[in-house]
Amino acid sequence: MKSRNGIISIGIIGAIVLALTLAAFFLLGIEKSTVNIWALSFLLLSICALFGGLIWLRFAGSQHSKVFLKLGVTTALTLYFGVTFASVFFAGLLKEKLNTFILMELSIIALFAIIIVAILAFSRRVARRNEIDTAKVGSNEPKRGGF
């Protein structure tokens, strides 16, 4: 039950942030140009990725090093949101170059997707090494480092 409460809380906070973002876009009188619509959509995508990723981390499997996985993915998703949020402010500079703005956003997504996949792979490797080390405890087998 404790895990379910955390998921509901994260989901509610995510919905509030989404609603606040949409309200700010429509109520602040931001020009509804094509580049601003694209910026809003990428910002909404990053919010969904952040809170969806945080909810997904609650269900992280036992094959990963939980501490490394949770810390790494949370940091990467937060940085992804921050970089996307910062790029939204520069959307006006690229008003005439919509394709450049979209390519920049897709590059940000690709970069952080690669980082998250690397974190997932490395956390699985750390978990396997921890299992091997745990199996060696209490035996006369050489430990890591050969001592």
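Predicted model: local features only at pLDDT ≥ 70, side-chain atom pairs only at ≥ 80, totals over all residues.
Which residues in H3 are buried? The legends below get to that, after a look at the whole chain.

View 1. Residues are numbered from 1 along each chain as its sequence is written, and side-chain values use heavy atoms, with hydrogens and water left out. Helices (H or I, at least four residues) and strands (E, at least two) are DSSP runs, numbered from the N terminus. Follow the sequence and you read α-α-α-α. Of the chain's 147 residues, 29% count as buried; that means under 20% relative accessible area, with exposed being over 50% and partly exposed in between (1.4 Å probe, protein chains only). Contact here means heavy atoms within 4.5 Å. Take the contacts with a separation of 6 or more: 72% of them come from residues 24 or more positions apart.

**View 2. Helix H3 covers residues 66-89.** Back to the opening question: the buried residues in H3 are Leu-69, Gly-72, Val-73, Ala-76, Leu-77, Tyr-80, Thr-84 and Ser-87. With 24 residues at 1.5 Å a residue, H3 should span 34 Å, and its end C-alpha atoms are 35 Å apart, so the two agree. The expected span is 1.5 Å times one less than the number of residues.

**View 3. Phe-89 belongs to a nonpolar surface patch.** Phe-89 sits in helix H3 and counts as exposed because its relative accessibility is 60%. Together with Phe-85, Phe-90 and Leu-93, Phe-89 makes a patch of about 480 Å². Patches are made of residues with over 30% relative accessible area and no salt bridge; like charges are joined within 9 Å, nonpolar side chains (Val, Leu, Ile, Met, Phe, Trp, Tyr) within 5 Å. A salt bridge is a side-chain nitrogen of Lys or Arg within 4 Å of a carboxyl oxygen of Asp or Glu.

**View 4. Ile-115 is part of helix H4, residues 98-136.** Its relative accessibility is 32%, so Ile-115 counts as partly exposed. Look for Leu-77 too: the C-alpha atoms of Ile-115 and Leu-77 are separated by 9.7 Å, though the two residues are 38 residues apart along the chain.

**View 5. Thr-21 lies in helix H1, residues 2-27.** Thr-21 is buried, because its relative accessible area is 15%. Leaving out residues up to four places away in sequence, Thr-21 touches Leu-40, Leu-43, Leu-44 and Ile-47.

Terms used
Areas by Shrake-Rupley, 256 points an atom, 1.4 Å probe, with all protein chains shown as cover.
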